[in-house]
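Please walk through the disulfide in this model and the strands around it.

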Amino acid sequence: MHRHLRTTSLALSLCALAAGLLTAGPPSIADTGLAATPAARAEAPALRVRTVVRGLEHPWDVQQAPGGRLVVSERDRARISVVRNGRRRTLADLSQLVWVSGETGLLSLAVDRDRRQVWACHGARTRSGPEVRVTRWRVDRRWRSLSGRRTVLSGLPATSGRHGGCRLLLERQGPGLVIGTGDAAVGSNPRDLDSLGGKVLRVDRRTGTPMADNPFAGATGNRRHVWTYGHRNVQGLAERADGSLWSVEHGSFRDDEVNRLVPGGDYGWNPVPGYDESVPMTDQSLPGEQQDAAWSSGTPTIATSGAAWVRGTQWGRLEGTLAVAALKGSEVLFLRFDARGALVSVARPPALARFGRLRSISSARDGDLLLTTDSGADDRVLRVSPR
């Protein structure tokens, strides 16, 4: 799949030229996505959007738990809530545990529905300064309290709170926990294999030890945890039905990215010396081989965030697409990729473009999509169903 985006862009450009849609020059990556939008939009089902709960503040994640419950994290309040039948109840107030600054606070959640366990990625205070870490708890049978706190992985870098990243994903098979991290706005972190910043990591969800099939598992130090590197600020993770792992990443002033993750892959972010954000998101001048993005926003960015694969025949032609939430863009993109990971089409349903900034997106058991808004005041959890 390496460098397949260039092939996809060329094919779509030729089609557009043949139709007389382009007047001069090749399209940008953003144009490539938009060229696919009208046809894909016509095939999308009508959508029903319901507010599940409101009155939240910067909800960072929503995950489904047993019995129709939803578990929601709020970044600055450092609060985990359970929502059921439209009512919110505090599961845990973590304000004494969580370090909150800028983009960092209580971030992503992962929920093991069968074993009643919850993982959270969050800022934390240490004697040497702030960091980001992953913590696990047990949940009681009625989903009213947490206990048995355990640190699964610590030492993810943090500075001012910028680029705290940190998205969690439980793999469907085996004990793997996938962790996407930000570079903490330190230019050397993404390509330093012994820094946990600017990476996608894989660990055992129970112990935090590196997975045995990680590409650097036989090494020493932090690199044993690394699955991929060269990332700027990972915001979304999703596992496709074929078992492949995908990430969503914030760009600088250009090139938000969706990446298909190749074990040991370098995704090309290297803003040095200092923190030079004028460099390409995927810098092909670096030593070795860099992985091209499967999709990129081009310029300007839309601040892509959470992502989930769409499941269920009720979604019609949108089944099997990757739904990606956007903050600045205030929309949801449905991206279709072929079996090799090449971009096929992009749909942007207008029904999902009227709720402001959208942070997280996850898939409910029945195939509905769960979204969180992130405007900072009276934020909501939304449930999206195809009609």
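**A strand pair and a disulfide**

In this predicted model, strand β10 and strand β11 (residues 176–181) pair in the antiparallel sense, over five bridges. Within this pairing, Leu170 stands opposite Leu177 in β11. The hairpin of β10 and β11 has five residues between the strands, and Gly174 takes a positive phi near 85° there.

Six of the six residues of β10 are buried, so the strand is largely enclosed by the rest of the structure. Gly165, Arg167 and Leu169 point one way from β10, while Cys166, Leu168 and Leu170 point the other way; both sets are buried.

What does Cys166 form with Cys121? The two residues form a disulfide, with their sulfur atoms 1.4 Å apart. The pair counts as a disulfide because the cut-off is a sulfur separation within 2.5 Å. The structure holds one disulfide. In general, such a link is a covalent bond between the sulfur atoms of two cysteines.

The link of Cys121 and Cys166 is right-handed, with 65° about the S-S bond. The pair links distant parts of the chain, 45 residues apart: Cys121 lies in strand β7 (residues 117–126) and Cys166 in strand β10 (residues 165–170).

Are the two cysteines buried or exposed? Cys121 has 0% relative accessibility and so counts as buried. Cys166 is also buried, with a relative accessible area of 0%. The cut-off for buried is under 20% relative accessible area.

Technical notes
Residues are numbered from 1 along each chain as its sequence is written. This is a predicted model: local features need pLDDT of at least 70, side-chain atom pairs count only at pLDDT 80 or more; totals for chains, interfaces and linings use all residues. Side-chain values use heavy atoms; hydrogens and water are left out. Helices (H or I, at least four residues) and strands (E, at least two) are DSSP runs, numbered from the N terminus. Buried means under 20% relative accessible area, exposed over 50%, partly exposed in between (1.4 Å probe, protein chains only). Two strands pair if DSSP finds at least two bridges between them.
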